[in-house]
Amino acid sequence: MSAVVAAVDTNAEKPVSRRSRGKRAPGSRRRGGRKPAGEKTEGTGEASAPREKKPRPESVPVPATLIGQTKTGVVSAVIKKGRVKFGFIHLGNGPEIDEAAPRIYFSFDQLADSTVPVRRGYIVSFKISADESQRPFADNVALTEEGKAIAAAREADIAQRKSEKPAVEESEKPKRAPRERRVVEDKLVALKVTCEGKGEAKVITFNFAQSVGKLKNIATTTFEAPVEYNVFHIAANGEKVFLTKAILVTLNENDTIHLAAPPATA
C-alpha cells in the first residue's frame, strides 16, 4: 500500500507546464517556415527574381523560289542524335550569323567532303535542293575560301588545346591477376549402361573429370536413346538414384547407370 501512495505522491510533484498550446491564429506561420514570395533573403539587398529567358527569334524558311540556286551561308547549329548528324545554315556572307536571315537544314550526308570538319561559325557554299515534299535543304555543302581560313584557325586552336591537356595518368592500383583454373586430373572408369526399353547392357569408358551432361550425351548416343532421358545410378540395393556430379565422382569401376524417361508430372 505504501508503494502505491509513494507513486501517487511522485506524480503529483511533477511541474505542470504553463506554456500555452492553443491553436495558432489564422495567417500566422511557424519559425523557419517558407518565406512569402518577394521577401528579401538574409545577406542580400534585394529579393530574388526568376531569371528571364532570352526569346529566340523565329526562324525564316528559305523561299521556294531559291530552289536550284547556289548560295552562301554561315553554319549556325550542329546537332548530333546518336548516329544522325545534321545542322542548320543561315544565309549570308558572314562571318557573323544573321539570325533574321532565312535558315536551311542540312545533313552531314550532303557534305561535299566528309573528311572536312564543319562547325558552327564556318562559312559554306551550298546548292538549295528540295525533297519529295518540296522542303528545301542544303546540298553539296562545302567551305568557302573564307570558311577554310576560319576552319584552319579553329582546328589549329582545338589541336593545340588537346596537346596541352595533361595525359590521363594510369591508375596505380595493381591489376587483378587472372584467376587460375583448377586442374582436375583425369579419371577414366568403365561403367555399365542400361537403357529403358533395351534388354542389353553396354560398357562405356568415361572420364570423371567431365560433367554429368557429357556422360548423358555419350550414353544416349551409345543406345540411340532420346536426349530427354535422365541418367540414374543403380545402387547396390537396386535403387535408382538421379545422377548428380556429387554422386558421379564417387562411382567405381563397373558401377551401373541407367537411362530412363523423366517421371511424368501430375
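Aspartate 255 sits in the loop between helix H4 (245-248) and strand E11, where helices (H or I, at least four residues) and strands (E, at least two) are DSSP runs numbered from the N terminus. This is a predicted model, in which local features need pLDDT of at least 70, side-chain atom pairs count only at pLDDT 80 or more, and totals for chains, interfaces and linings use all residues. Residues are numbered from 1 along each chain as its sequence is written, and side-chain values use heavy atoms, with hydrogens and water left out.

**Around aspartate 255**

- Aspartate 255 is partly exposed, with a relative accessible area of 21%; buried means under 20% relative accessible area, exposed over 50%, and partly exposed in between (1.4 Å probe, protein chains only).
- Not counting residues up to four places away in sequence, aspartate 255 touches Ala190, Leu191, Lys192 and His233, where contact means heavy atoms within 4.5 Å.
- Lysine 192 is 63 residues from aspartate 255 in sequence, yet their C-alpha atoms are 6.1 Å apart in space.
- A polar atom of the aspartate 255 side chain lies 2.9 Å from the backbone nitrogen of asparagine 252.

**The chain as a whole**

- You can find four helices and 11 strands in the chain.
- Of the 266 residues in the chain, 23% are buried.
- Among the contacts with a separation of 6 or more, 51% are between residues 24 or more positions apart.
- The accessible surface of the chain comes to about 21100 Å², and carbon and sulfur atoms account for 51% of that area; such areas come from the Shrake-Rupley method with a 1.4 Å probe, and for residues only the protein chains shown count as cover.

- In soluble globular proteins, nonpolar side chains tend to be buried together.
- The largest nonpolar core has 19 residues, and Leu191, Leu215, Leu243, Leu248 and Leu259 touch the most other members; a nonpolar core is a set of buried Ala, Val, Leu, Ile, Met, Phe, Trp, Tyr and Cys residues joined through side-chain atoms within 4.5 Å.
- Strand E7 (188-195), strand E8 (202-207), helix H3 (212-223) and strand E11 (256-260) each give two or more residues to this core.
- Apart from this core lies another one of 18 residues, including Val62, Phe106, Val118 and Phe126.
- Leaving out residues up to four places away in sequence, leucine 248 touches Phe206, Phe208, Gln210, Ser211, Val212, Leu215 and Leu243.

**Helix H2**

- Helix H2 (residues 145-164) has 20 residues and reaches 29 Å from its first C-alpha to its last, close to the 28 Å expected at 1.5 Å a residue; the expected span is 1.5 Å times one less than the number of residues.
- Gly147, Ala151 and Ile158 are the buried residues of H2.
- Viewed down the axis of H2, these buried residues fall within an arc of 35°, so they line one face of the helix; the arc is that of the directions from the helix axis to the C-beta atoms.
- Turned away from that buried side is a face with the exposed residues Glu145, Ser163 and Glu164.
- Strand E5 (123-130) and strand E6 (136-143) are among what covers the buried residues of H2.

**Helix H3 and the residue after it**

- The 12 residues of H3 should span 16 Å at 1.5 Å a residue, and the end C-alpha atoms are 17 Å apart, which agrees.
- H3 has the buried residues Val212, Leu215, Ala219, Thr220 and Phe223.
- These residues cover an arc of only 125° around the axis, which puts them on the same side of H3.
- The cover over the buried residues of H3 includes E7, E8, H4 and E11.
- Just after H3, glutamate 224 takes a positive phi of about 55°.
- Glutamate 224 counts as exposed, at 74% relative accessibility.

**Other spots to look at**

- Histidine 90, in strand E3 (residues 84-91), is buried, with a relative accessible area of 5%.
- The side chains of histidine 90 and serine 76 make a polar contact (2.9 Å); this term means a pair of N or O atoms within 3.5 Å, where within protein one must be able to donate a hydrogen and the other to accept it, and residues adjacent in sequence count only if both atoms are side-chain atoms.
- Glycine 94 and proline 95 are joined by a cis peptide bond, with omega about 0°.
- Asparagine 140 lies in strand E6 and has a positive phi of about 55° although it is not a glycine.
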